[in-house]
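Me: Hi! I'm new to this one and would like a friendly walk through it. Could you show it to me before we start?

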Amino acid sequence: MAKKRIITTTINGREEQFLCEPRQTLLEVLRDQLDLTGTKEGCANGNCGACTVLLDGRAVDSCLVLAVECEGAQLDTIEGVASSEGLDVIQQAFLEQAALQCGVCTPGFIMSAKALLAENPDATEEEIRFYLAGNLCRCTGYDKIIRAVQQAATDRQATAPAT
Amino acid sequence: MRDFEYDAPATLAEAVAVFQEHNGRARPLAGGTDLIDHVRTGRLEPDVIVDVKQIPELNVLECSSDGLRLGAAVPCYKIYEHEQIQASYSAIADSCHIIGGIQIQNRATVGGNVCNASPAADASPSLIALEATCVIAGPQGTRELPVEEFFSGPGRNVLQPGELLVELKLPAPSQQSGSHYRRFIPRNEMDIAVVGVGAAVTLDEAGQLFERARVGLGAVAPTPLLVEEVDGLLQGQPVNEESIERAASAARSLAKPIDDMRGTVEFRKHVAGVLTRRVLWEAVARARGDSAR
């Protein structure tokens with residue numbers, strides 16, 4: 001069996017070290033070893049986006065990243081989105097717009113939306129839909145998700161940024 | 001997933017040595033968006049996965065008056081965010097922004113897209129249209145070949161055991177040139193191309209005559225194709241519907257698609273013609289500076 005490696009990363013702002021085999025994906029390590037089960041597995045082949053996390057600020061499918069590739073990386077998962085003061089603007093908007101039913105796709109959508117709004121705070125509806133193309137939902141029909149992202153964009157601009 | 005060792009060489013020489021040592025049992029890892037899936041499904045069975053992202057030569061991204069150098073490990077997002085590439089090699093920017101979704105584009109690479117050698121790869125038609133050359137390193141040294149000669153069949157490329165694609169080199173575009181890539185898919189995004197067309201044109205100073213034109217076709221043959229006839233058909237011809245229709249007809253004739261769940265032979269040949277027309281017109285608009293881009 002391949003030698004295990006010790007990998008050091010920063011996850012949601014905290015330094016974390018973990019031991020893993022080369023064949024373990026980031027998704028497997030997050031869920032099975034670090035107990036960060038907010039990130040979901042939907043397809044295991046990079047189509048559904050349920051496993052979306054931010055790697056050095058960029059949205060990626062964690063099912064297609066090997067954990068060993070994350071040495072020195074900054075990771076952001078759904079668990080780091082809310083602060084001690086409360087929900088993030090995006091999470092609040094998802095609730096208010098009823099943008100989730102079963103909720104399995106939701107962490108992935110929120111991570112993608114977070115990346116989108118950081119990059120393009122004034123995204124148009126078309127840009128939002130295109131950006132979120134890598135996140136699939138079987139329950140909602142997407143409309144309310146798009147509205148939630150639009151609301152989050154407006155809310156974010158209306159209030160002073162917290163970070 | 002299958003058990004494999006992982007290595008991350010810091011130099012090209014080290015990487016070539018590892019590949020040579022494992023003689024076909026080692027696979028390069030750049031973005032991983034194809035490789036990891038293939039290993040998980042058992043389509044590929046490497047003993048060693050060699051992460052090539054630390055190798056400086058594979059991370060080159062240079063746009064100058066000598067042309068464009070695209071390292072094989074440069075991710076799609078860096079390519080489509082690059083202003084000069086958007087302006088002067090816009091077909092490649094089009095391709096990179098359409099491969100999968102954002103999550104894929106943040107990891108996937110044009111080098112990997114080419115090496116994975118899907119007939120429907122989105123980068124290939126653009127690279128063909130823009131006359132890209134593959135730079136390959138191996139135990140015997142470096143060799144180069146036109147990108148359209150890199151593919152040997154569906155999912156197969158001409159790399160020999162021990163060899164690695166290092167970069168794609170593209171010539172500097174002339175004045176009055178423009179390029180575009182578009183594909184037909186049943187949905188709006190995320191699909192695999194049913195037909196993909198990349199075109200690059202150079203016009204005369206007045207923007208009324210074709211000086212050069214190249215068309216690359218994807219998803220309609222076992223490999224991506226260069227529609228060789230097009231340059232001869234369009235050289236010196238006026239930019240109008242008639243000339244462009246002749247190019248579209250050449251594309252239709254060359255296309256040798258199969259019937260599969262994404263489309264029939266008849267449908268794909270028809271769409272190859274339609275798309276060639278549209279993509280050529282958009283390349284013309286960009287050459288003239290008329291396009292929104």
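Me: Thanks! Which residues meet where helix 3 of chain A touches helix 5 of chain A?
Reply: From helix 3 of chain A come F109(A), A113(A) and L117(A), and they meet I145(A), V149(A), A152(A), A153(A) and R156(A) of helix 5 of chain A. Keep in mind as we go that this is a predicted model.

Me: What classes of residue are in that contact between helix 3 and helix 5 of chain A?
Reply: The contact has 7 nonpolar residues and 1 charged residue, with no polar ones.

Me: And how do the axes of helix 3 and helix 5 of chain A lie to each other?
Reply: Helix 3 covers residues 106-119 of chain A and helix 5 covers residues 143-158 of chain A; their axes come within 11 Å and cross at roughly 40°. Because of that angle, helix 3 of chain A counts as oblique to helix 5 of chain A.

Me: Is that crossing of helix 3 and helix 5 of chain A left-handed or right-handed?
Reply: Helix 3 of chain A passes helix 5 of chain A in a right-handed crossing.

Me: Let's zoom out. How many helices and strands does chain A have?
Reply: Chain A has 5 helices and 5 strands. Going along the sequence, their pattern is β-β-α-β-β-β-α-α-α-α.

Me: What order do the strands of the sheet in chain A take?
Reply: The order is 2-1-5-3-4, in an open sheet of 5 strands with mixed pairing. Strand 2 (14-20) and strand 4 (58-61) of chain A are the edge strands, so to speak, each pairing on one side only. On average, neighbouring strands of this sheet are turned by 40° against each other, direction ignored.

Me: How many bridges are there between strand 3 and strand 4 of chain A?
Reply: There are 4 bridges, and strand 3 (residues 52-55) of chain A pairs with strand 4 of chain A in the antiparallel sense. In that pairing, V53(A) has V60(A) in strand 4 of chain A as its bridge partner.

Me: Where does helix 3 of chain A pack on the sheet?
Reply: Helix 3 of chain A touches strand 3 and strand 4 of chain A, and its direction makes about 35° with that of strand 3 of chain A.

Me: What does the C-alpha trace of chain A span along its principal axes?
Reply: The C-alpha trace of chain A spans about 50 × 35 × 25 Å.

Me: On to chain B. How many residues of chain B are in contact with chain A?
Reply: 23 residues of chain B are in contact with 24 residues of chain A. The elements of chain B that give two or more residues to this side are strand 1 (5-7), helix 2 (35-41), strand 3 (48-51) and helix 6 (102-105). By class, the residues on this side of chain B are 9 nonpolar, 6 polar and 8 charged.

Me: And which order do the strands of the open sheet in chain B follow?
Reply: They follow 4-5-10-6-7, with 5 strands and antiparallel pairing. Strand 4 (61-64) and strand 7 (141-146) of chain B each have a single partner strand, so one side of each is left without a neighbour in the sheet. The twist averages 20° from one strand to the next.

Me: Which residue is the bridge partner of C63(B)?
Reply: That is L68(B), in strand 5 of chain B. Strand 4 and strand 5 (residues 67-71) of chain B run antiparallel and are joined by 4 bridges.

Me: Last one: which strands of chain B does helix 1 lie across?
Reply: Helix 1 (residues 12-22) of chain B lies across strand 6 (133-138) and strand 10 (164-170) of chain B, running at about 130° to strand 10.

Methods
Residues numbered from 1 in each chain as written. Chains lettered and ligands numbered in written order. Predicted model: local features only at pLDDT ≥ 70, side-chain atom pairs only at ≥ 80, totals over all residues. Axes fitted to C-alpha atoms, helices over the stretch in contact; angles between N-to-C directions. Parallel < 35°, antiparallel > 145°, perpendicular 65-115°, else oblique. Left-handed = near helix turned anticlockwise from the far one by under 90°. Contact = placed C-beta atoms within 7 Å. Nonpolar A, V, L, I, M, F, W, Y, C, P; charged D, E, K, R; others polar. Pairing = 2+ DSSP bridges.
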